[in-house]
Amino acid sequence: MRPGAGLRRADLRIRFICCMVVLVVSFAGLGARMFYLQVAKGRSYRYQSENNRVRAERIVAPRGMVFDSKGEIFADTHAAFDARVIPSEVPQKGEATEQLIAKVAKILEMEPEAISKVLEGRSPARFKPRLLKRRLTREQMARLEARRSELPGFMVSPNPVRYYPFGAMLGTTLGYIGGITPKELSSKEHSGYDGSDYLGRTGIEKWWESRLRGTPGGIQVEVDALGRKLAVMAKRSANPGYNLVLSVDARLQRVAEEALGDDVGSVVALDIETGDVLALVSRPGYDPNVITRGMTPAEWSALANDPRHPIQNRPIKGLYSPGSTFKIVMALAGLDHGVITPLTKVKCGGALYFAGRNYRCWKRTGHGEVDLARALEQSCDVYFYQLGLELGIDTIHRYSTMLGLGAPTGIDLPGEKGGLVPSGAWKLRTKNERWYTGETLSVSIGQGFLLTTPLQLASMMAAVASPSGKRMVPRLVTRVEDAAGRVVEEIAPREAQAALNFKQTHLALVRDALRQVVYGAKGTGKAAQVEGVVVAGKTGTAQVVSLKEHERGLDPKEIEWRRRDHALFVGYAPFDDPKIAVAVVTEHGGHGGSVSGPVASKVIAKWLELSNEKARAASAAEASKLMEAAR
């Protein structure tokens with residue numbers, strides 16, 4: 001054995017023992033700590049672990065507002081609150097759960113089964129809030145908040161709702177919003193929506209949904225077992241929806257609605273130069289607030305099945321025979337196609353005999369010998385019967401479509417109908433029958449298969465009156481703004497097509513005849529006159545059903561309402577500087593001149609008043625600038 005070898009072994013043994021002691025002490029300390037955390041303090045930490053959670057809450061973006069052209073609010077948002085539940089936070093203990101659901105059901109005035117159905121649903125995920133009830137009352141909200149400690153998983157969430165300050169005024173055009181359905185929620189189109197969201201269902205609310213909606217935000221908060229917020233972990237602000245500025249003037253809209261009164265029908269007023277919609281009336285209408293607040297199935301059924309169809313936006317969806325207002329199209333077609341001249345005369349004896357039957361004029365005794373101007377002024381049917389025979393249905397179809405009839409105008413609203421302008425090819429395609437010449441006679445005076453919307457008639461009138469000869473696409477929204485009022489997008493006026501190619505002499509002749517309709521000795525539209533401005537226009541009476549012999553010649557008020565003719569008037573003003581075009585359709589109103597003409601008169605009178613106010617304000621502003629510059 002070498003010297004020192006025993007000493008080295010002793011040192012190693014000591015070192016080994018020291019290391020073992022350190023390890024034993026370390027593991028003993030670690031074990032003691034684990035025992036303390038998991039056994040001694042286990043129940044306490046388990047409680048904190050289970051009852052302190054990070055909850056993700058959604059911040060709803062305020063929906064954009066809708067303004068009239070002068071800044072009046074047509075659609076706003078008001079504070080409202082929903083009841084929501086996070087299924088994963090609701091105790092799953094049988095009888096205890098049933099008792100909890102019963103408490104909530106009593107507070108929210110719901111059936112317990114409805115709450116159970118929400119809890120058992122698969123969407124959204126169990127750890128995300130699910131909608132229980134919209135628009136809580138103050139009492140429901142207070143009771144739910146006060147008893148939060150007893151109701152784990154249940155909460156009150158803010159969810160602003162739509163408010164329409166003017167109620168039913170412009171209601172069918174604004175449309176309404178409704179809660180998203182489970183089917184919509186699962187679609188790609190609505191991937192960014194939540195189960196408590198609203199979305200536009202009709203009208204402007206639907207067409208401009210993507211701009212009005214905004215972008216929701218979110219917040220992550222730590223909450224305790226009672227649902228109390230302990231700390232905000234992260235937050236992303238919501239971006240409000242964009243605001244829309246309409247071309248409609250609320251003052252003119254109100255007068256147009258009042259002018260039509262309780263009659264069923266439509267009023268459309270357009271700016272001739274830009275195509276801006278100045279007023280758009282559909283009566284009867286509905287108050288979007290009533291639908292947004294929520295309706296019972298019985299209430300909705302009553303509204304949807306009302307025989308007067310208040311939900312229908314008549315200016316864009318109502319289909320009517322244009323009656324004698326269509327004679328404007330016929331006159332321009334005849335002149336441009338060369339089958340008549342301003343001097344062409346036709347003798348009206350009260351009827352045109354064709355193919356073994358008499359096609360009557362509205363005036364039984366006839367109008368005598370009339371040229372085009374007199375035929376328009378007095379609305380002679382026989383003249384236009386004869387003109388229709390000369391033109392033929394396909395030529396009539398071509399000029400009608402040129403003037404915008406038979407197709408949607410392109411207005412920024414959903415569901416616009418195109419109407420119908422028949423042709424030989426159309427009848428063969430849809431009915432597998434050839435066109436009969438006798439059918440052309442009906443179309444020639446705006447009857448038969450021919451169907452138009454009030455908006456189309458206003459657009460047609462604006463195109464005929466336009467000094468530039470342009471037909472514009474009706475524009476309802478003029479610009480989009482952010483919440484601070486900064487312009488995001490200007491919606492520029494659009495031409496529907498190139499300028500109409502009618503000769504100015506032909507247009508001048510027709511326009512002057514339309515002036516005579518209102519001011520001529522035998523004109524049918526005298527009731528459309530307005531003090532201070534010259535109006536031009538055309539009356540129309542569209543037959544709904546064939547009247548019985550004893551009903552012919554009776555005052556419309558003596559005939560059952562549904563059997564009466566529709567009353568129409570289209571016109572524009574001022575005659576020498578056209579600015580506004582108006583179309584009025586009064587369903588079952590009788591005579592266009594006496595019923596719809598006065599409505600147009602009131603609308604044009606109000607427009608004139610507002611225009612004069614604007615001119616005076618502009619003059620005053622200009623004078624102020626000059627005075628300031630002189631100083």
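The model is predicted: local features need pLDDT of at least 70, side-chain atom pairs count only at pLDDT 80 or more, and totals for chains, interfaces and linings use all residues. Residues are numbered from 1 along each chain as its sequence is written, and side-chain values use heavy atoms, with hydrogens and water left out.

Start with the six-stranded sheet. It is open, its pairing is mixed, and its strands follow the order E7-E3-E2-E12-E19-E20. Strands (E, at least two residues) and helices (H or I, at least four residues) are DSSP runs, numbered from the N terminus. Two strands pair if DSSP finds at least two bridges between them. Strand E7 (161-163) and strand E20 (487-490) are the edges, and each pairs on one side only. Inside the sheet, strand E2 (residues 66-67) runs parallel to strand E12 (residues 243-246), joined to it by two bridges. Here Phe67 stands opposite Val245 in E12.

Next comes Leu246. Setting aside neighbours within four places in sequence, Leu246 is in contact (heavy atoms within 4.5 Å) with residues including Val66, Phe67, Phe74, Leu170, Ile204 and Val477. Leu246 also belongs to the largest nonpolar core, which has 93 residues. A nonpolar core is a set of buried Ala, Val, Leu, Ile, Met, Phe, Trp, Tyr and Cys residues joined through side-chain atoms within 4.5 Å. Buried means under 20% relative accessible area, exposed over 50%, and partly exposed in between (1.4 Å probe, protein chains only). Phe74, Leu246, Tyr383 and Phe384 touch the most other members of this core. Helix H20 (residues 454-465) gives the most to this core, with nine residues. A second, separate core holds 26 residues, among them Ala256, Ala259, Val584 and Leu610.

Now the five-stranded sheet. It is open and antiparallel, in the order E14-E13-E23-E22-E21. Its edge strands are E14 (277-283) and E21 (536-542), each pairing on one side only. The twist averages 5° from one strand to the next. Strand E13 (residues 265-271) pairs with E14 in the antiparallel sense over six bridges. Val267 stands opposite Val281 in E14. Helix H10 (residues 250-260) lies across E13, E14 and strand E23 (580-586), and runs at about 35° to E14. For such angles, axes are lines fitted to C-alpha atoms, for helices over the stretch in contact, and angles run from 0 to 180 degrees between N-to-C directions.

Turn to the rings. The whole structure has nine aromatic pairs. Rings of Phe, Tyr and Trp (its six-membered ring) pair if their centres lie within 6.5 Å; planes under 30 degrees apart count as stacked, over 60 as edge-to-face and the rest as tilted. Tyr176 and Trp300 make an edge-to-face pair, 6.4 Å centre to centre with 70° between the planes. Tyr176 lies in the loop between helix H6 (171-174) and strand E8 (177-179), and Trp300 in helix H12 (residues 297-304), so the pair ties together parts 124 residues apart in sequence. Tyr383 and Phe384 are edge-to-face too, at 5.4 Å and 65°. Tyr176, Tyr286 and Trp300 form one aromatic cluster.

How exposed are these rings? Tyr176 is buried, at 12% relative accessible area, while Trp300 is partly exposed, at 32%. Tyr383 is buried at 1%, and Phe384 is buried at 0%.

Finally, the charges. The charged end of Arg134 sits over the ring of Tyr198, 4.3 Å from its centre. The criterion is NZ of Lys or CZ of Arg within 6 Å of the ring centre and within 35 degrees of the ring normal. Arg515 lies over the face of Phe575, at 5.3 Å from the ring centre.
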